[in-house]
Amino acid sequence: MTLATDALAGGFVEAPVQSAQAFREILEVMARPGMIRRVSGATPPAPLSVAAGTALLVLTDPTMRLHLAGAANCPAVRDWVAFHIGAPLSSAEEADFAVGTWDALQPVSRFRIGQPDYPDRSATLIVECDQLVNHGPALTGPGIQTATWLNLPETAAFRVNRGLFPLGFDTLFTAGDQIAGLPRSTRVEAI
Amino acid sequence: MYVAVKGGERAIDNAHQWLAEERRGDPAVPELTIPQIREQMRLAVNRVMAEGSLYDPDLAALAIKQARGDLIEAVFLIRAYRTTLPRLAGSLPVDTGAMAVDRRISATFKDLPGGQVLGPTFDYTHRLLDFALMAEGATQDAPPRVGEANPMEGETRVPHVASFLNRDGLIETADASDTPPPDLTREPMELPADRALRLQALTRGDEGFVLSMAYSTQRGYGRTHAFVGELRIGTVAVEVDIPELGFAVEIGEIELTECETVNQFKGSKTEPPQFTRGYGLVMGQSERKAIAMSLVDRALRWQELGEDFTGAPAQDEEFVLMHCDNIQATGFLEHIKLPHYVDFQAELELVRKLRSEAQAMQEAAE
Amino acid sequence: MTDQAYNFAYLDEQTKRMIRRAILKAIAVPGYQVPFASREMPMPYGWGTGGVQVTAACLVPEDRLKVIDQGADDTTNAVSIRRFFQRTAGVAVTEVTAEATVIQTRHRIPETPLTEGQILVYQVPIPEPLRFLEPRETETRKMHALEEYGLMHVKLYEDIARHGQIATSYAYPVKVEGRYVMDPSPIPKFDNPKLSGNPAIQLFGAGREQRIHALPPWTKAVSLDFDDHPFQTSKAPHDCDLCGARDSYLDEVITDDAGGRMFVCSDTDFCAGRRAKGHVGRLGEAT
């Protein structure tokens, strides 16, 4: 097997510090659903965004099964993942992490939602978006003082997911270097 | 006038300095060297390697020196070092059938292929203090061995006793499995545990704890009718598959103690009458631990063999596995030395309140 | 100065990833205890290894770290942990609550209200609130899964029957967002109201027990009680003898062998801050 030379580039230059800085942003956006922050450090091959690539570098490794959905499942991305992360690629049903556009990830009911005694054994979806803005469906729940808004791709699937609580998948949204989070605990309402 | 206690930093520095002095002891007495500890305190080194889960006699000797002979403290030093080491590869399972044995005994057969080898054991020593060892400067050479040397010298395979019984179908078989065992040091303990995980916890468990658990089964708390089918001590090769080469290479040798018990078993609702097995495998020469481990392993298998749970501690997987680790135990035990005055104050207020209310009620009644 | 012999914040990157994933799941399911493969740390289990691992997974070089034990910055174990991170992560440290970005604590929540952007990391000895009612992990796990908390209510009710009130004064359990019953670590129940609706991220690390749980900001954490026996906080009925604070949690200090005692703020930064502003208690000296 030969790796395209691009696959060798685009990782963290200084992993301990860059991954710590990116994790803090990811922690903030998961803890405060709807909040939009910026992360950087990774320059993954197209179609992955900087934010999605950075999140993958921070959170995944050879112990995590990764599902590449739709256009993300291309040779350039697979090579990059193999070189920088080493995560085994998997089906949607088995994945710990999945990355792709909202359409490519459908149906999201395929993803692991954990078990009643281990709700943490559930998938985290990294959803690639065109843009992230604090506009659109209203979010309430843990991490949100009163209410906030985020341009979710839809509300129905997230309402179903919230109905499964404490089971369910958790979601990160990425666009360019922007990132936002939507844990399963958030209540979503179209307005 | 009360001045809030300050000076924690200085107190810590001074304590460390004093500790270093105490470790060294009287400077007029020559300092211990690592090779001295490694060679002459070998059983202590073995215990630290076994419970520290790291096969490195020099580092174990260093830990013993640094810990001033406190073996649990030495195990702790090794564990804290071990966890920072990268995983370069996983070895192939070691083949104890190919062990170069120094000691090999069976309590169930008078003689057997390969023979009985007593080896370096305390077993038949009379426990009389040997004052000759106290004579300063006298170098003690081992007395010459009498008669034939190790009869196993040059043997390449020493068959296991269980395999003789197995030929007649009298003992349970254990199927080989290629499933990678769980790794206690890399994954959180999950209960119920499978046998591989239990054995992993026991082999690094505290020798005293495992010994007492085993002893309790002998006294009737989860009795398993154990015979030492075989106890063997010796060195085995450790091999690692090198994918680029397409074959395994030997990366070194380690000393192991292996014990397999043969347990009487009258049969249960699910299993026919046959002998069953308990297994112990420990790094270094650690035979008390290996025997104890095999008894506890067997006691923990009650469910799989369809036996009754009698409420014995040694049958209780969660009790044994959650309490056998001396580093966890000693840490939590000793943490009650730390200040707890915030919780204690809360309790103090509660007790005062309960007392005053009780008193008020009593007075009202009178 | 960072000790170059170790990775940033001591832990290797794979271990940090594992802990970070557990933290995110803990945030996603508030109050649920996420198992994690706790590592042996160069300090003993029971001395804050869970908190240290969580802090190590969260720290960035720009952080300003505060470490307290019993509310105080200068207790020996707090000193030891603070030094560990100065050495391995090279972060700035502070004793001032308002200046800290990450606060690791044992047994207290600071008196000064926390703000958005701060992370409070608790050291947790026994994360399972049901453990002293049911010692088996296999059982308590089922009880959480089934939301079966009757045992806890029975225990609290027995307290009321026997003592006329709930006889739990610290590590007082809370129900998080109406779902999981959670142990807040052995903080005095005086601190319980600060758990709920707090703007900071609250993370709880139990090293020996291999569990992480969390309260995201603004999360509701209700101290368990009964309609006819509502939850009440408690503290020594005194003012601080050094700074005169009437509403802070107090340590009782024995001053002689004739029953003499004084009460002082357990939160040393809070007390020092008040004294710097000129507040003087019964036995304090004007500064």
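Residues are numbered from 1 along each chain as its sequence is written, while chains are lettered from A and ligands numbered from 1 in the order in which they are written. Because the model is predicted, local features need pLDDT of at least 70 and side-chain atom pairs count only at pLDDT 80 or more, whereas totals for chains, interfaces and linings use all residues.

**Stop 1: the three chains**

Colour chains A, B and C separately. Two residues are in contact here if their C-beta atoms, placed from the backbone, lie within 7 Å. Two pairs of chains touch, and the pair with the most contacts is B and C. Chains A and B, by contrast, share no contact; their closest C-alpha atoms lie 11 Å apart.

**Stop 2: where chain C meets chain B**

Select chains B and C. Here 48 residues of chain C are in contact with 39 residues of chain B. Which elements of chain C each supply at least two residues of this side? They are helix H3 (76-89), helix H4 (137-145), strand S11 (250-254) and strand S12 (261-265). Helices (H or I, at least four residues) and strands (E, at least two) are DSSP runs, numbered from the N terminus. H3(C) gives the largest share, four residues. By class, the side of chain C that touches chain B has 18 nonpolar, 17 polar and 13 charged residues. In this scheme Ala, Val, Leu, Ile, Met, Phe, Trp, Tyr, Cys and Pro count as nonpolar, Asp, Glu, Lys and Arg as charged, and the others, Gly among them, as polar.

**Stop 3: where chain C meets chain A**

Now select chains A and C. In this pair, 30 residues of chain C are in contact with 28 residues of chain A. Helix H1 (13-28) and H4 of chain C are the elements that give two or more residues to this side of chain C, and the largest share, 10 residues, comes from H1(C). The side of chain C that touches chain A divides into 18 nonpolar, three polar and nine charged residues.

**Stop 4: the domains of chain B**

Hide the other chains and colour chain B by domain: domain 1 is 13-82, and domain 2 is 96-119 + 151-173 + 190-324. Such bounds come from an automatic or database domain assignment. The C-alpha centres of these two domains of chain B are 29 Å apart. Eight residues of domain 1 of chain B are in contact with 11 residues of domain 2 of chain B. On the domain 1 side of this contact in chain B there are four nonpolar, two polar and two charged residues.

**Stop 5: a helix pair in chain B**

Select residues 207-218 and 287-300 of chain B, which are helices H8 and H9. The two helices pack at an angle of about 55 degrees, with their axes 8 Å apart. Axes are lines fitted to C-alpha atoms, for helices over the stretch in contact, and angles run from 0 to 180 degrees between N-to-C directions. H8(B) and H9(B) are therefore oblique to each other; angles under 35 degrees count as roughly parallel, over 145 as roughly antiparallel, 65 to 115 as roughly perpendicular and the rest as oblique.

Show the side chains as well. The H8(B) residues in the contact include Val210(B), Leu211(B) and Ala214(B), and those of H9(B) include Ala292(B), Met293(B) and Val296(B). The residues of this contact of H8(B) with H9(B) divide into nine nonpolar, one polar and three charged.

**Stop 6: the domains of chain C**

Return to chain C, where domain 1 is 13-127 + 175-220 and domain 2 is 235-287. The C-alpha centres of these domains of chain C lie 27 Å apart. In chain C, 14 residues of domain 1 are in contact with eight residues of domain 2.

**Stop 7: backbone details**

Most residues other than glycine have a negative phi, and most peptide bonds are trans.

- Phe165(A) and Pro166(A) are joined by a cis peptide bond, with omega about 10 degrees. Pro166(A) is in the loop between helix H6 (156-163) and strand S9 (170-175) of chain A.
- Leu191(B) to Pro192(B) is also a cis peptide bond, with omega near -5 degrees. Pro192(B) is in the loop between helix H6 (161-167) and helix H7 (195-203) of chain B.
- Ser185(C) has a positive phi, near 75 degrees, and lies in the loop between strand S7 (180-182) and helix H6 (192-195) of chain C.
- Trp218(C) has a positive phi, near 60 degrees, and lies in the loop between strand S9 (211-215) and strand S10 (221-223) of chain C.
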